[in-house]
Each structure stands twice: as C-alpha cells, then as structure tokens.
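Let's take a walk through this one together, with the sequence and the structure side by side.

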Amino acid sequence: MVDNEMLLAISDLLDTKMGSFKVEIHQELKKDFRELKKELKQDIQDVRQELKQDIQDVRQELTDVRQELKQDIQDVRQELTDVRQELTDVRQELKQDFHFVRFDIENNIKPQLNLLTENLLPAAKRYSQTTEDVEQLKTDVKLLKEVVREHSIKFQLIS
C-alpha cells in the first residue's frame with residue numbers, strides 16, 4: 001500500500017497545488033474580466049457621448065436648414081408679392097391706355113371718318129354719273145369722227 005499511499009500523497013499534493021493554481025487563475029480571470037468590463041463601460045460611454053454629440057450636431061443642422069427654408073419661403077413670398085404688384089400696375093396702365101385709345105377713336109378718328117364718308121359718298125355718286133357721261137361722250141365723239149371721215153371722203157370725191 002505504500003504505493004497507494006504514495007499515490008494518495010501525490011494526489012493530495014497535486015490537489016493542493018492545483019487548488020492554489022485554480023485560485024490564482026480564477027483571481028486573474030476575475031481581474032481581467034473586471035478590466036474588460038471597465039473598458040467596455042468606458043467604450044460604451046465614449047460611444048454614447050459621440051452619439052449624443054452627433055445627434056446634437058444633426059439637430060443643429062436641421063435647425064439651420066429649417067431656418068434657411070423659412071427664409072427662402074419668405075423671399076419667394078416677397079417676390080410673389082412684388083410680381084403681383086407689378087401685374088396690377090401693368091393691368092392699370094393697360095386699362096388707362098385702352099381708355100385713351102377708345103377716347104381718341106371716339107373723339108378724333110370717328111368724326112374724321114364720318115366727315116370723309118359724308119364727302120366721299122356724294123363724290124362717288126358724281127363720279128359714277130360722270131363716268132356714264134364720259135362713256136356717252138366717247139360714243140358721240142366716235143360717231144362724229146366717223147361722220148367727219150365719211151364727209152371728208154365725199155368732199156374729196158366732189159372736188
């Protein structure tokens with residue numbers, strides 16, 4: 001049994017040595033785990049802080065963009081108001097010009113046209129009558145020419 005005792009003693013010695021080694025490894029693992037946990041917490045805090053800053057930056061940019069959009073919308077509204085005013089002014093000028101043209105037609109052009117019509121219609125009638133008279137005269141002159149020619153021939157025969 002000596003061998004058995006010896007084996008038991010070696011086994012006890014190994015258990016003792018292993019137990020202390022286990023405790024050391026366990027303590028080192030705990031220490032490493034705590035350090036990792038601490039680093040992870042710090043990394044998480046850093047990432048949170050960066051995310052908070054990024055979110056704050058994005059919010060600020062959104063606020064700036066909103067402000068720019070509001071200003072752009074306000075500028076467009078002002079331009080629209082200006083264009084509407086210009087259109088109103090142009091419309092008013094056109095109305096005034098139209099009234100002036102209408103006034104000019106009624107007071108200057110119509111009376112002159114009426115005067116021309118009053119003078120031209122009788123002249124046209126006279127022209128029409130004169131044209132008929134001229135045609136009659138042409139016929140008469142033609143006839144006279146014929147008679148004169150015949151008489152000239154007869155006079156030449158007689159003489």
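Search the whole structure for salt bridges and you get three, where a salt bridge is a side-chain nitrogen of Lys or Arg within 4 Å of a carboxyl oxygen of Asp or Glu. Before we visit them, a quick word on what you're looking at: this is a predicted model, in which local features need pLDDT of at least 70 and side-chain atom pairs count only at pLDDT 80 or more, while totals for chains, interfaces and linings use all residues. Residues are numbered from 1 along each chain as its sequence is written, and side-chain values use heavy atoms, with hydrogens and water left out.

Start with Glu106 and Arg102, whose side chains pair up at 3.9 Å, N to O. These two sit four residues apart in helix H1, so about one helical turn separates them. (Helices are DSSP runs of H or I with at least four residues, strands are runs of E with at least two, and both are numbered from the N terminus.) Glu106 is partly exposed at 43% relative accessibility, and Arg102 is partly exposed too, at 45%. As for the cut-offs, buried means under 20% relative accessible area, exposed means over 50%, and partly exposed is in between, with a 1.4 Å probe and protein chains only.

Next up is the bridge between Lys138 and Glu135, again 3.9 Å from N to O. Here the spacing in helix H1 is three residues, which means about one helical turn between Lys138 and Glu135. Lys138 counts as exposed, at 52%, whereas Glu135 is partly exposed, at 44%.

Then there's Glu146 with Arg149, bridged at 2.7 Å, N to O. Glu146 and Arg149 are three residues apart in helix H1, so about one helical turn lies between them. Glu146 is partly exposed at 32%, and Arg149 is partly exposed at 46%.

Phe100 belongs to helix H1, residues 2-158, and is exposed, with a relative accessible area of 56%.
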